[in-house]
Amino acid sequence: VVVLKRLADARRDGNPIHAVIRGVGAAAHESVQRSVCQATTRALRDADLPVTAVEAVEMHGFGMLKCDQAEYTAIRETYAPAN
């Protein structure tokens, strides 16, 4: 189980902090692949992190083969050059 809490609240409450989310990207459905690339790039920029700093990516399937393939391709193209 992962519990998300505002950082200030976790510090105030004395909770252990295992990670901090510094950037979030959301993708529109119109052009999944381009949108996912843009959202990922924006989240990294907002967090002031290089692509190489990312160790894990959370993805969810749309349940539609074409969309799921586009999302996977976008993530692969965004992170592959760094590896």
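**Salt bridges, helices and a core**

User: How many salt bridges are there in this chain?

Analyst: The count comes to five salt bridges, where a salt bridge is a side-chain nitrogen of Lys or Arg within 4 Å of a carboxyl oxygen of Asp or Glu. Please keep in mind that this is a predicted model, in which local features need pLDDT of at least 70 and side-chain atom pairs count only at pLDDT 80 or more, while totals for chains, interfaces and linings use all residues. Residues are numbered from 1 along each chain as its sequence is written, and side-chain values use heavy atoms, with hydrogens and water left out.

User: Which residue meets Lys-5 in a salt bridge?

Analyst: The side chain of Lys-5 meets that of Asp-13, at 2.7 Å from N to O. Asp-13 also has a salt bridge with Arg-12, at 2.9 Å from N to O.

User: What about Arg-45, what does it pair with?

Analyst: Arg-45 forms a salt bridge with Asp-46, and their closest N and O atoms are 3.8 Å apart.

User: Changing topic, how many helices and strands does the chain have?

Analyst: The chain has three helices and zero strands, where helices (H or I, at least four residues) and strands (E, at least two) are DSSP runs, numbered from the N terminus.

User: Which residues make up the largest nonpolar core?

Analyst: That core has eight residues, namely Val-32, Val-36, Leu-44, Cys-67, Ala-70, Ala-74, Ile-75 and Tyr-79. A nonpolar core here is a set of buried Ala, Val, Leu, Ile, Met, Phe, Trp, Tyr and Cys residues joined through side-chain atoms within 4.5 Å. Helix 2 (32-47) and helix 3 (65-79) each supply at least two residues of this core, and the largest share, five residues, comes from helix 3.

User: Last one: which residues make the nonpolar surface patch of about 370 Å²?

Analyst: That patch is made by Val-2, Leu-4 and Ile-21. Patches consist of residues with over 30% relative accessible area and no salt bridge, with like charges joined within 9 Å and nonpolar side chains (Val, Leu, Ile, Met, Phe, Trp, Tyr) within 5 Å, and accessible areas come from the Shrake-Rupley method with a 1.4 Å probe, where for residues only the protein chains shown count as cover. Leu-4 lies in the segment before helix 1 (7-13), and Leu-4 counts as exposed because its relative accessibility is 65%.

Conventions:
Buried < 20%, exposed > 50% of the residue type's maximum accessible area, 1.4 Å probe, protein only.
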